[in-house]
Amino acid sequence: MSSKSMSLSIASPFDGMLALVFAAAFLGALVVGGRAVDGPMAVHAAIFALAFLTAAIFLGQRAVMANGAIATPETGYSDEVIKAGVISSVFWGIAGFLVGLMIALEMCFPDLSHGLPWINFGRLRPVHTSAVIFAFGGNVLISTSFYVVQRTCRTRLAGLIAPWFVFWGYQLFIVVAATGYVLGVTEAREYAEPEWYADIWLTVVWVVYLLVFLATLAKRKEPHIYVANWFYLAFIATVAVLHLVNNASLPVTIFGSKSYSAFAGVQDALTQWWYGHNAVGFFLTAGFLGIMYYFVPKRAERPVYSYRLSIVHFWALIFLYIWAGPHHLLYTALPEWAQTLGMTFSIMLWMPSWGGMINGLMTLSGAWDKLRTDPVLRMMVVAIAFYGMSTFEGPLMSIKTVNALSHYTEWGIGHVHSGSLGWVGYISMGALYCMVPWLWKRPRLYSLQLVNVHFWISTIGIVLYITSMWVGGILQGLMWRAYDNLGFLQYSFIETVEAMHPFYLIRALGGSLFLIGALIMAYNLWRTARGDERVETIATAPLKPAIA
């Protein structure tokens with residue numbers, strides 16, 4: 001097939017119109033950049049202009065090559081965009097883990113930044129959180145949701161350009177957000193720090209993502225909507241609502257990067273943690289439960305233990321999670337009844353969370369022996385165990401008496417990373433290990449032994465990380481609340497900081513081990529995609545491609 005006929009087969013009748021839209025957006029970005037009132041806005045206007053110009057040229061060329069011809073529909077699944085998502089997931093994951101190690105070392109050695117503002121802790125910390133949550137986790141969610149919805153609906157992704165717009169538009173948002181943090185641009189809202197123009201762009205991308213997912217479900221050939229798609233849809237729709245409300249702000253000028261929140265005082269705090277906790281609940285939990293409900297049964301070659309329990313898990317989780325945000329604001333100006341409401345719903349979350357954990361683990365009924373020979377399945381099972389542990393610890397820490405000790409301490413950091421590294425990290429890596437051989441049509445991974453090495457190095461790293469933060473955090477909390485015989489604080493704040501130094505060193509060691517594991521994974525996936533096969537002593541059967 002010639003290059004022109006190939007272009008015709010994927011050309012969209014809207015290419016020319018979209019090229020004009022992006023050309024107009026390019027001119028708008030040039031105007032904003034030329035009249036920018038601060039440096040960061042000028043930099044970001046240039047980034048947007050370059051991206052819009054590239055899109056306009058690409059779409060214009062496609063429209064010219066099509067020359068009015070009617071596009072012939074493609075057959076099979078739309079897997080190229082998923083491959084791109086897998087590659088970007090690995091790239092952003094390593095970048096995020098590397099920045100995390102950097103700021104962990106800065107906590108041990110404060111002079112490590114050498115006074116450079118671009119790499120100090122305050123600027124790199126949001127780079128780390130956004131990179132691992134939204135860049136790594138977001139790309140994993142987008143790519144796996146596109147993979148799963150096609151297989152479970154037995155239909156191709158809706159749209160020709162739209163899925164690629166979601167992918168590239170999301171990468172543009174990540175670049176703008178990360179460069180903004182380094183340049184000191186931030187709304188100072190936890191997990192929602194990009195400024196107003198980045199928020200608007202993400203809204204456009206996310207709406208297209210939702211429409212692609214809904215349109216794919218609408219044209220499905222399978223009458224039943226598999227439960228994994230329920231979790232993906234809840235994640236996409238709820239994150240959109242959270243984003244729109246929490247990021248409501250008014251820019252000082254459209255030619256500047258600074259804006260002010262639409263909320264103030266305790267209302268602003270409550271809105272922030274309604275968003276913050278539900279970003280955890282729907283972005284880092286519901287979406288990755290969609291991964292669990294598809295990839296664990298597929299890898300274990302067993303049906304979900306209880307489909308009825310999965311439906312109960314879904315409805316109970318999404319109803320209860322949305323009310324739990326106030327537990328981040330205990331002992332603050334928030335009304336007492338709202339604090340108690342958040343604590344109560346947090347405790348109630350134990351039930352659906354553990355129901356999902358039990359459902360995931362019991363899916364291996366009759367296949368537990370596979371854990372001895374399949375380190376990918378072992379990684380995903382350990383991820384489910386971390387999910388259960390984190391969803392036990394979270395409600396425990398929301399109880400007011402426990403929260404009085406744990407809040408603002410490193411115990412919270414240990415809790416967050418037991419969920420992010422153990423649950424989100426491992427279930428994501430397990431999905432990547434599954435998808436690469438399936439997408440690149442390889443009989444198996446390049447090396448299961450390397451997966452085993454990755455698993456144990458990373459697990460040791462996670463254990464070192466979270467235990468050091470648990471013990472150090474409890475020590476920190478006890479020192480803060482210790483009084484002498486005269487009723488004065490027994491320890492100064494700097495003494496508590498000095499006491500944490502060895503725990504920070506252990507955390508940095510744990511983070512470095514986790515990063516090493518990720519690098520091993522990247523090498524293994526690269527060799528797999530190339531088609532290399534390594535002769536190993538472990539007997540492995542070829543992986544069956546995921547069809548449904």
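pLDDT is the predictor's confidence in each residue, from 0 to 100.

**Entry 1: confidence.** I started there, since this is a predicted model: local features need pLDDT of at least 70, side-chain atom pairs count only at pLDDT 80 or more, and totals for chains, interfaces and linings use all residues. I number residues from 1 along each chain as its sequence is written, and side-chain values use heavy atoms, with hydrogens and water left out. I found a mean pLDDT of 92 for the protein, with 94% of its residues at 70 or more. Over residues 1-9 the pLDDT stays under 50, and there I noted 11 contacts (heavy atoms within 4.5 Å) beyond four places in sequence. Residues 539-543 are also below 50, with eight contacts beyond near neighbours in sequence. A reminder to myself: where pLDDT is low, the predicted coordinates should not be read in detail.

**Entry 2: a pocket.** Next I looked for open space. On a 1 Å grid over the protein atoms alone, a pocket is an open set of points with protein on both sides within 12 Å along at least five of seven lines, while a cavity is a set where a 1.4 Å probe fits but cannot get out; lining residues have an atom within 4 Å of a point. Grid points are joined across faces, edges and corners, and a volume is the space filled by probe spheres set on the points. The second largest pocket holds about 970 Å³. It has 33 lining residues, and Phe58, Ile161, Trp164, Phe165 and Trp168 are the closest to its centre. Which helix gives the most to this lining? I found H3, with nine residues. Helices here are DSSP runs (H or I, at least four residues), numbered from the N terminus.

**Entry 3: a cavity.** I found one cavity of 30 Å³ or more, and the largest cavity has about 50 Å³ of space. Among the residues lining it are His44, Val176, Gly180 and Tyr197. H6 and helix H7 (196-218) each give two or more residues to that lining, and H6 gives the most, with four.

**Entry 4: rings in H6.** I searched the whole structure and got 44 aromatic pairs (rings of Phe, Tyr and Trp, its six-membered ring, with centres within 6.5 Å; planes under 30 degrees apart are stacked, over 60 edge-to-face, the rest tilted). Trp164 and Phe167 make an edge-to-face pair, 6.1 Å centre to centre with 90° between the planes. These two are three residues apart in helix H6, so about one helical turn separates them.

**Entry 5: a helix.** Gly531 follows H19, with a positive phi near 95°.
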